[in-house]
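Please open the model in a viewer and keep the selection panel at hand.

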Amino acid sequence: MKDLDWNNLGFSYIKTDYRFIAHWKDGKWDEGKLTTDNMLHIHEGSTEIHYGQQCFEGLKAYRCKDGSINLFRPDQNAKRMQHTSDRLLMPRVPTELFIRACKEVVKANQEWLGPYGSGATLYLRPFLFGTGENIGVKTAPEFIFSVFCCPVGAYFKGGLAPSNFITTDYDRAAPMGTGGVKVGGNYAASLLPHELAAEASTPERKFADAIYLDPKTHTKIEEVGAANFFGITKDNKFITPASESILPSITKYSLLYIAKERLGMEAIEGDVYIDQLNQFAEAGACGTAAVISPIERIDDLENGKSYVISKDGKPGPVCEKLYNKLRGIQYGDEPDTHGWVTIVE
C-alpha cells in the first residue's frame, strides 16, 4: 500500500500506475490493454476537441474489512454510458468491456486504495470520445474508451456536515437537450454558476454550489451543482425531482430503493417546487463523488427568500441512516441483497 495520508485525501488528480485504453475502428472495439502512459495522443481534427463528442462516468472502488475490494453497481455506469453514447452517436462500450476495464484498473492499482476505515476510496473515471481525422460536423471515424483512477477522500471536506446552496439564473440544460446524459459540456457550462455561487458567500455563510431550476419555469429544483437533490418531508417521505433534464444518478436511485425497501419510506420522483421547501425536515445532494451532502440552507435569489432546513448544523437522522446503509453495502458491512456489488478478484 502506498504511503499516503489516507485520512486526509482531497478530491484531486493523483497519477497512479496503470490505466486502461481501447480503440474503436472499422466498426469494432479492440481488446484494450493496460498502459502506464497517462498522456493521450489524438488527431487535431478529433470531434471531441471541436464538437464535444465525448462522455464520462464516475464510480468508486472500496476496501472492505477483510481486505477485499468492491465496485458498486458498475453495470449501471455502463448502461448510463451506453445511453449517452446513443444520444451523441458514439459506439456503445459493451458492459463486459466496461466492467473488465474497471476491474483491471483497480487490480493493477490496488496499492493506491487506502485501508478500510480511512474514508479513502479509489475513484474511477471511464471516458469515451471521438477521434481520428475529421473536420466536418459529423460523428467521428474512430473512438477511444479509457479508464483511469485516483485515490480520493471526501468530495465535500465537511463530510456529512450540512452545506449552504444558492439558486442561479443560469440553466444547466435545455429541455430535450443533453441534461440527462453525462457529457462534459454540461459541466463546462456549470463552471461560471459555481464561481458566482462561491463569490456570493459571506463571512457568515459560505455557499457550496448553485442550485439549478427547471429551464422552462424556474420554479422547480432540478440539480444541486453536479449532484442530484433529494428531500425528506416532515411526514417521512423521500422525494427527488423528476425531469428529462436531470442526470440519472446511480447513487440517487440506490437511495430511493434503500429508503423504500429498507427504511419503509414512501419514495417519490416528482416535482420539487422551490417555494415549497418548507415541507422538508431534511434535504441533501447526492452523487458518486459526494455520496450525500446534507443541505442546511437554500437561498432563492429570484424570489428573495431563504429556506433553512437544518437548524443545528448537523445532518438529520434519515440522511445519516441512508448514508450508513449505502456505505455499508459499498464496503461490505451490510448484506448486498440486490446484487449491487462486484468483487474485484
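Select helix α6 (residues 250-261) and helix α7 (residues 317-330), which pack at an angle of about 110° with their axes 10 Å apart; the two are therefore roughly perpendicular to each other. Roughly perpendicular covers 65 to 115 degrees, while angles under 35 count as roughly parallel, over 145 as roughly antiparallel, and the rest as oblique. Each axis is a line fitted to C-alpha atoms over the stretch in contact, and angles run from 0 to 180 degrees between N-to-C directions. Helices (H or I, at least four residues) and strands (E, at least two) are DSSP runs numbered from the N terminus.

This is a predicted model, in which local features need pLDDT of at least 70, side-chain atom pairs count only at pLDDT 80 or more, and totals for chains, interfaces and linings use all residues. Residues are numbered from 1 along each chain as its sequence is written, and side-chain values use heavy atoms, with hydrogens and water left out.

The crossing of α6 and α7 is right-handed (the near helix is turned clockwise from the far one by less than a right angle). Display the side chains at the contact (heavy atoms within 4.5 Å): α6 contributes Thr 251, Ser 254, Leu 255, Ile 258 and Ala 259, and α7 contributes Leu 322, Lys 325, Leu 326 and Ile 329. These residues divide into six nonpolar, two polar and one charged. Ala, Val, Leu, Ile, Met, Phe, Trp, Tyr, Cys and Pro count as nonpolar, Asp, Glu, Lys and Arg as charged, and the others, Gly among them, as polar.

Next, centre the view on Tyr 62, Phe 72, Thr 251, Thr 288 and Gln 330, the closest to the centre of the largest cavity among its 13 lining residues. This cavity has a volume of about 100 Å³. On a 1 Å grid over the protein atoms alone, a cavity is a set of points where a 1.4 Å probe fits but cannot get out, and lining residues have an atom within 4 Å of a point. Strand β5 (59-63), α6 and α7 each supply at least two lining residues, and the largest share, three residues, comes from β5. The lining has six nonpolar, six polar and one charged residues.

Now select Thr 288, in the loop between β15 (280-287) and β16 (291-300). Leaving aside residues up to four places away in sequence, Thr 288 touches Gly 58, Leu 59, Lys 60, Tyr 123 and Thr 251.

Finally, move to helix α2 (residues 74-87) and helix α3 (residues 95-108), which pack at about 125° with axes 9 Å apart. These two helices are therefore oblique to each other.

Definitions and conventions
1 Å grid on protein atoms, 1.4 Å probe; cavity = no way out; pocket = protein on both sides within 12 Å on 5 of 7 lines; lining within 4 Å. Points joined across faces, edges and corners; volume = space filled by probe spheres on them.
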